[in-house]
Amino acid sequence: MKRGKAKADAPKKADGRLSVKKGAERTGKKPRKAKADKDPNMPKRPPSAFFVFMEEFRKSFKEKNPNNKSVSVVGKAAGDKWKSLSEAEKAPYVAKAAKFKTEYTKKVAAYNKKQSGGGSRDADDEDESEKSSSEVNDDDDEEGSGEEEDDDE
């Protein structure tokens with residue numbers, strides 16, 4: 001019986017698909033920078049006009065469709081409704097969004113001012129508290145060592 005060449009016996013051809021190199025296998029590229037940690041005290045960005053509209057729309061949509069549990073359906077319906085609104089109908093949402101944005105800019109300005117000016121004061125306070133606690137510990141150690149000597153005598 002003649003046997004044809006098995007797939008294992010056939011010479012391997014280069015795969016026509018592109019290979020994706022990950023992690024350390026990357027060559028010739030700069031390593032990615034790690035993301036900076038987010039400050040939890042930083043003010044949250046204000047919602048856009050669409051998201052202001054979404055808050056109101058979600059309530060009315062849930063009243064009309066109480067059995068709907070899908071977030072995507074609500075989002076699609078809201079997007080369609082938003083697109084169909086005229087500029088006059090969108091105006092109140094745009095005005096609210098502008099109001100939120102002005103409040104946000106004030107909060108960010110105060111936050112930045114606190115970060116630049118107040119940050120150095122906080123560090124000084126921490127240094128003082130560390131000094132005072134170490135001084136207290138030093139005093140305790142001295143008193144404790146004196147008592148030990150008295151016990152030995």
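1. F50 and F53 are both located in helix α1 (residues 49-64), three residues apart, which is about one turn of the helix. Helices here are DSSP runs of H or I with at least four residues, and strands are runs of E with at least two, numbered from the N terminus. The model is predicted: local features need pLDDT of at least 70 and side-chain atom pairs count only at pLDDT 80 or more, whereas totals for chains, interfaces and linings use all residues. Residues are numbered from 1 along each chain as its sequence is written, and side-chain values use heavy atoms, with hydrogens and water left out.

2. Eight aromatic pairs are found in a search of the whole structure. The ring centres of F50 and F53 are 6.3 Å apart and the ring planes stand at 40°, so this pair is tilted. Rings of Phe, Tyr and Trp (its six-membered ring) pair if their centres lie within 6.5 Å; planes under 30 degrees apart count as stacked, over 60 as edge-to-face and the rest as tilted. F50 and F53 belong to one aromatic cluster together with F51, F57, F61, W82 and Y93.

3. F50 counts as partly exposed at 23% relative accessibility, while F53 counts as buried at 4%. Buried means under 20% relative accessible area, exposed over 50%, and partly exposed in between (1.4 Å probe, protein chains only).

4. The largest nonpolar core has twelve residues, including F53, M54, V74, W82 and Y93. Such a core is a set of buried Ala, Val, Leu, Ile, Met, Phe, Trp, Tyr and Cys residues joined through side-chain atoms within 4.5 Å. The elements giving two or more residues to this core are α1, α2 (71-84) and α3, and α1 supplies the largest share, six residues.

5. Helices α1 and α2 pack at an angle of about 120°, and their axes are 10 Å apart. Axes are lines fitted to C-alpha atoms, for helices over the stretch in contact, and angles run from 0 to 180 degrees between N-to-C directions. The two helices are therefore oblique to each other (angles under 35 degrees count as roughly parallel, over 145 as roughly antiparallel, 65 to 115 as roughly perpendicular and the rest as oblique). Residues making the contact include F53 and F57 of α1 and V74 and W82 of α2, where contact means heavy atoms within 4.5 Å.

6. Y104 lies in helix α3 (residues 87-152) and counts as buried at 18% relative accessibility. Leaving aside neighbours within four places in sequence, Y104 is in contact with P43, K44, R45 and P46. The C-alpha atoms of Y104 and K44 are separated by 7.8 Å, although the two residues are 60 residues apart along the chain.
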